[in-house]
Amino acid sequence: MKRSLLLLLTACGVLFGSSLLNSTYGQVTIDCFPYFQDFDDWSTCSNTCQAPCAGEDGWTNDPTGDTQDWTTWTGGTTSGSTGPSADHTSGNGNYIYMETSGSCSGSNDSCFITTPLFDLNGLPNAFFAYWRHLYGATIGSLHVDLRTYT
């Protein structure tokens, strides 16, 4: 496996510098492990309709192919009996989520977030782990997709 791109939710800090930019794919490449992202360095953003949040640290809130965007938030979600009351890592940090209830959401909504490119060369036993909270009457499913580049 030469290079892999993980799509959608993850838990992993990013190193910055021009050497991390992959000229072939034009994005940040992570090649130092373990990698951890708790979203605490990210700015929280409005969780109102039509207010997309920008991704940070090489993460991109995919603007095409979906009907919603991920929101960076701290504390409980604004809708009752859904979402977490706090982030999993410290209890007072940030997390990202998709609102699936209320006037902003619809049937079969989706949202995509793209992570940085992970160079897994030399890591024969690499794995991917994340915390997720799927609760509420209108929650669907979470898919984590992997792309391989050679």
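Trainee: Do β4 and β7 run parallel or antiparallel?
Mentor: Happy to start there: β4 and β7 are joined by two bridges, and please keep in mind that this is a predicted model. Within the pairing, T60 stands opposite T114 in β7. The two strands β4 and β7 run antiparallel.

Trainee: And how do β3 and β7 run, parallel or antiparallel?
Mentor: Two bridges join this pair as well. For one of the partners, look at I30, which is bridged to F118 in β7. The direction of β3 and β7 is parallel.

Trainee: How many of the six residues of strand β7 are buried?
Mentor: Strand β7 covers residues 113–118, and its bridges go to β3 and to β4. It is largely enclosed by the rest of the structure, because the number of its residues that are buried is six of the six.

Trainee: What is the phi of F39?
Mentor: F39 lies in the loop between β3 and β4, and it counts as buried because its relative accessibility is 6%. Most residues other than glycine have a negative phi. F39 has a positive one, and the value is near 70°.

Trainee: Does D57 count as buried or exposed?
Mentor: D57 is in the loop between β3 and β4. Although D57 is not a glycine, its phi is positive, about 55°. Its relative accessibility is 16%, and the cut-off is under 20%, so D57 counts as buried.

Trainee: How are the rings of F39 and W59 arranged, with centres 5.4 Å apart and planes at 80°?
Mentor: A pair of aromatic rings is described by the distance of the centres and the angle of the planes. The whole structure holds seven aromatic pairs. For F39 and W59, the centres are 5.4 Å apart and the planes stand at 80°, over the cut-off of 60 degrees, so this pair is edge-to-face.

Trainee: How many residues apart are F39 and W59?
Mentor: Both F39 and W59 are buried. The pair links distant parts of the chain, with both partners in the loop between β3 and β4. Their separation is 20 residues.

Trainee: What about F128 and Y130, at what angle are the planes of their rings?
Mentor: F128 is partly exposed at 26% relative accessibility, and Y130 is partly exposed at 28%. The ring centres are 5.4 Å apart, and the pair is tilted because the angle of the planes is 45°.

Trainee: Which residues is T77 in contact with, leaving aside its neighbours within four places in sequence?
Mentor: T77 sits in the loop between β5 (71–74) and β6 (94–97). Its relative accessibility is 14%, so T77 counts as buried. Beyond those neighbours, its contacts are T82, G83, P84, Y95 and Y97.

Methods: Residues numbered from 1 in each chain as written. Predicted model: local features only at pLDDT ≥ 70, side-chain atom pairs only at ≥ 80, totals over all residues. Heavy atoms only, no water. Helix = DSSP H or I, 4+ residues; strand = E, 2+ residues; numbered from the N terminus. Buried < 20%, exposed > 50% of the residue type's maximum accessible area, 1.4 Å probe, protein only. Pairing = 2+ DSSP bridges. Phe/Tyr/Trp six-rings, centres within 6.5 Å; stacked < 30°, edge-to-face > 60°. Contact = heavy atoms within 4.5 Å.
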